Amino acid sequence: MKPMRALHRTGATLALLFAAVFVALAGGGLAGAATVSGPSANPAATAAPASTAAPASTAAPASTAAPASTAPPAGAAPASTAPATSAATGTAPAAGGAPSPVSPTVVTFAWGGGNASQLTSLDLFARYGMHATYYIPSGLVCFPSKTTNCATSQHLTLSDVRKIAAAGNEIGGLTVSHVSLGTTVPTAEAQREICDDRVNLLRWGFPVTDFAYPFTVAQPRIESLVSRCGYNSGLGAGQVAAAGACLRCGVYAETVPPRNPFLIRAPIEVNASAVHWTPATFESIVQTAQHHGGGWIVFLIHDICPAYCTYGITSTQLTQVLSWIHGQLGSGLKVETVHQVIGGAVKPAVAGPTPAPIGRTGVANADLAAAAGSYPACFQPAQYGDNRASFSYHPNGGPGGSATETVSLTGAQSGDAKLLQETDLGQCAPPVTAGRSYAVGAWYKSTTPTEFDLYYRNQIGVWSYWTTGAGFPASATWKHVSWTTPAAPPGATAISFGLAVGHVGQVTTTGYSLAAAPPDHVKTLTFVVIGLLISAPFIGWRLWRPRPAGASRRNASGQPGGAEGQPGARQPAGLAGHGAAGRRWMDGPPAHQVVVGPETDAAARADPGSRTVPPSQTPTDPEARPPT
């Protein structure tokens, strides 16, 4: 019996063991089935691990990338290409299953900087029936002048901007001067940059409703100003996971409508990171958005370049991107401008705040006492040409212990360097009135001759070179110099000036001043004398010209008389219709000096065709009478 019991126990143990193995195998099969139904069912999941994928910086150039025509549609990402695209572009891999073909996704192409190269995009967008948004800094729009050749300018002309708008594209705002609105920019100056840019664009006839933050610098203070200036939205960048940036943001597309219209979240600017964008980068960003339920993707581009460039894309690459997107239209994907997504009415223009008046010197921080970094506050370094310049600030050493700035040139083939008042919209730039002359002044000492260089700002906010003043010799001791400018150009609203150094050497300056020049009495008197000399012969001829024989005279009683003062003498036919003024023009003002009174005005209205002007009836001419 004992052997039989042992056998039974052994059989039971084996049965339990076989059952456990069966359950384990069944569990593994179920686990495998669950894995198959998830994202890792994609065979590509077993391809080379992410650690062995080519780094983003070694991504294949555009010429070797797969053509857009072979890219998979938005709703089906083949397993053999999905991981490679994510690794190459730095985009977060898709999660949550295969992309849904019905996930609505909007793509917007936004262009910033107002660069002339962007004109190339017009024909490409027209070819695929698409439109884009172009953000324009109005102060950088090129206007031809004696010193500006727009054919070689980096920026668009007003005619170019009109052409872009006429093709159905949106024109947006980007500040007047395309400056970063960081924490160092005073609120009033930032408001002028934002508001006045929109004022300029509206004045030119563009219905501007949307704004982009220059250099993508946005903060609540600036967002509030964008709203106050009449915009309906503000575009940021770098808040959406894409191209190796913001991979932990957890945001793969902006919502429609945006949660905050004054900070539209978008991928990092094109080619603004270590990742070299290719058409596959654009495709991957769109497909990733669709993986996560769709939304709004804004691609921000600045240039069209012949080859790879920062913030830009080649024409060939743009063509491939547009071709691929065009092939996806109608399957949950569409292309719209920012205004088409945001909507809203065009609000009235809102001008920026009027600059505060500058003190008695006419120049803010004239003695350079306040510093802003390595330069005096409200001043900026300026340099052009082929030379090597350096700037150094000293908190003392000038006349009366004032601060100074030294500009040194150690190599000078061409051009010059100088310290100028900040070329802004009013925070620092000294205001002027068009047509007025001004006395500009400064204290200096130098090892080389120097001269004043002057620039002016027009009503748009554009700064241009104005003129160069008289030269001053080198001076080893402090010397004050002043120079009176010509009349400020038409439309001038502010100027900026400085003492330039154009040869090897240095100039140290301080104590800047600006004042309206007093009237030039000598010049005025000269013009008066010349005018009198020119007009004297005509005046003499008028006074002493011979009168026709028998011309009418008034007799002592004031009645018409003949040449001998006899009543009834015949007047010359040429004077018959001129009444008392014709009979004796010296008695009252000549016809061209007649003071028109109510009676004359009434007569002119009653007979507008009449060329006869009745004489003036004034208390100072008691003899004057109505014509008979």
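These are my notebook entries on one protein chain, taken from a predicted model.

**Entry 1: the whole chain**

I started with confidence. The protein chain has an average pLDDT of 78, and 68% of its residues score at least 70. Where is pLDDT under 50? One stretch is residues 1-100, for which the model still has 77 contacts beyond four places in sequence. Residues 551-628 are also below 50, with 61 contacts beyond near neighbours in sequence. I am leaving both stretches alone in what follows. Where pLDDT is low, the predicted coordinates should not be read in detail.

Next I looked up the make-up of the chain. I noted 12 helices and 23 strands. Of the 628 residues, 42% are buried. For contacts between residues at least 6 apart in sequence, I found that 73% join residues at least 24 apart.

**Entry 2: helix α4**

I went to α4, residues 158-166, and asked which of its residues are buried. They are Leu-158, Asp-160, Val-161 and Ile-164. Looking down the axis of α4, I see these buried residues within an arc of 160°, so they line one face of the helix. An α-helix has 3.6 residues a turn, so residues three or four places apart point the same way. On the other side of α4 I noted Ser-159, Lys-163 and Ala-166 as exposed.

What do the buried residues of α4 pack against? I found α3 (120-127), β2 (133-136) and β3 (170-173). After the helix comes Gly-168, with a positive phi near 95°.

**Entry 3: the loop between β5 and α7**

I stopped at several residues in this loop. Ala-243 lies in it and has a positive phi of about 50°, although Ala-243 is not a glycine. Is Ala-243 buried or exposed? I have it as buried, because its relative accessibility is 1% and the cut-off for buried is under 20%.

Further along the loop is Pro-257. The peptide bond from Val-256 to Pro-257 is cis, and I noted its omega as near -5°.

Pro-258 is in this loop too, between β5 and α7 (279-291). Pro-258 has 10% relative accessibility, so I count it as buried. Leaving out residues up to four places away in sequence, what does Pro-258 touch? I found Ile-264, Trp-296 and Ile-342. I also checked Pro-258 against Ser-233, 25 residues away along the chain, and got 9.6 Å between their C-alpha atoms.

Thr-337 sits in the loop between β9 (333-335) and α9 (338-342). It is buried, with a relative accessible area of 6%. Which residues is Thr-337 in contact with, apart from its neighbours within four places in sequence? My list is Thr-108, His-131, Ala-132, Thr-133 and Glu-170.

Tyr-311 is in the loop between β7 (303-305) and β8 (312-314). Its phi is positive, near 65°, in a residue other than glycine. I have Tyr-311 down as partly exposed, with a relative accessible area of 36%.

**Entry 4: cavities**

How many cavities of 30 Å³ or more are there? I noted two.

Methods. Residues are numbered from 1 along each chain as its sequence is written. This is a predicted model: local features need pLDDT of at least 70, side-chain atom pairs count only at pLDDT 80 or more; totals for chains, interfaces and linings use all residues. Side-chain values use heavy atoms; hydrogens and water are left out. On a 1 Å grid over the protein atoms alone, a cavity is a set of points where a 1.4 Å probe fits but cannot get out, and a pocket is an open set with protein on both sides within 12 Å along at least five of seven lines; lining residues have an atom within 4 Å of a point. Grid points are joined across faces, edges and corners, and a volume is the space filled by probe spheres set on the points. pLDDT is the predictor's confidence in each residue, from 0 to 100. Contact means heavy atoms within 4.5 Å. Helices (H or I, at least four residues) and strands (E, at least two) are DSSP runs, numbered from the N terminus. Buried means under 20% relative accessible area, exposed over 50%, partly exposed in between (1.4 Å probe, protein chains only). The arc is that of the directions from the helix axis to the C-beta atoms.
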